[in-house]
Amino acid sequence: MKLVPATESLAHYLSDHATALDHALLPGEALALEDLRRETLGIVGSEMQIAREQGSFMYLIAKLTGARRALELGCFTGYSAISIAAALPSNGLLVTIDKDEENIAIARRYFQRTGQSGKITTKVGNALDELGKLFEEHGPESFDLAFIDADKGPMLDYFEHCMKLLRVGGLILADNTLWNGDVTNRSSQDKCTIAIRQFNEAVAQDPRVEATLVNVADGIMMLRKK
Ligand SMILES: C[S@@+](CC[C@H](N)C(=O)[O-])C[C@H]1O[C@@H](n2cnc3c(N)ncnc32)[C@H](O)[C@@H]1O
């Protein structure tokens, strides 16, 4: 088995060669995306923004699966939302949820500047509440793709809601599922690490999905609904 150890120079190399998302946008929109990364660096919690290569990866996944209607839990300042929305057709829909109004306000500015605002609906509120409302509004099996990137404690609850909202063949991407490598470090027993371990164990054994955990950025659990 060959494993490439993560190094600082490899992190830059990965980022430099992840161009799919930039090339999907017009030049001015791609510059706006870089502005978003810069602006986010200046705010509290900037490390929560997904890596550039993860954005490109998710863009390609959304494109390859032909997703038209997508759902995101955890918008923050909008980088992952733009990555997904850019892959949707012009009449596609991304519903993104975040409890923080200030983050959503930043995200909305960049949805405009990257030409994605027509496809994105933002919901400010608690993810579990908003998921319930989405089910009422859109009904079962009404989405093709879901990205789970909010708080880690309720990840299995988020998974169950997404399973109801996704069509058969739809895809769930769950972020931070390697949790900085702590998932295999038995001395890490904090609430988030335990919740992520429980999530990974449960979905990997769940007969309703096909699961694989990929080593992109902080780890993405990919789940195809059977
Ligand atoms: C890791 S960040 C998301 C990063 C984002 N996907 C990106 O690419 O920039 C997590 C976000 O989830 C939001 N969040 C945390 N718990 C939440 C909850 N229970 N309901 C709604 N949003 C929540 C936080 O406000 C934060 O903006």
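Predicted model: local features only at pLDDT ≥ 70, side-chain atom pairs only at ≥ 80, totals over all residues.
Around the ligand lie 18 residues, of which Met48, Gly74, Phe76, Ser80 and Ala127 come nearest. Two or more residues of this shell are contributed by each of the elements α5 (79-85) and β2 (93-98). By residue class, the shell around the ligand comprises seven nonpolar, six polar and five charged residues.

Two packed helices are described by the angle between their axes and the distance between the axes. For helix α8 (residues 155-165) and helix α9 (residues 191-205), the axes come within 9 Å and cross at roughly 40 degrees. Helix α8 is therefore oblique to α9. On the α8 side, the contact is made by Met155, Leu156 and Phe159, whereas α9 supplies Ala195, Ile196, Gln198, Phe199, Ala202 and Val203. Eight of the residues in this contact of α8 with α9 are nonpolar and one is polar, with no charged residue.

The largest nonpolar core contains 62 residues, and the members that touch the most others are Ala62, Ala70, Ile84, Ala146, Ile148 and Ile172. When neighbours within four places in sequence are left aside, the contacts of Ala70 are Ala62, Ile84, Leu88, Leu94, Phe143, Asp144, Leu145 and Ala146.

Leu14 is located in helix α1 (residues 8-16). Because 18 other C-beta atoms lie within 10 Å, Leu14 is classed as partly exposed; a buried residue would have 20 or more. Leu14 and Glu53 are separated by 39 residues in sequence, yet their C-alpha atoms are 6.3 Å apart in space.

Terms used
Residues numbered from 1 in each chain as written. Near = placed C-beta within 6 Å. Helix = DSSP H or I, 4+ residues; strand = E, 2+ residues; numbered from the N terminus. Nonpolar A, V, L, I, M, F, W, Y, C, P; charged D, E, K, R; others polar. Axes fitted to C-alpha atoms, helices over the stretch in contact; angles between N-to-C directions. Parallel < 35°, antiparallel > 145°, perpendicular 65-115°, else oblique. Contact = placed C-beta atoms within 7 Å. Core = buried A, V, L, I, M, F, W, Y, C linked by C-beta atoms within 7 Å. Buried ≥ 20, exposed ≤ 12 C-beta atoms within 10 Å, placed from the backbone.
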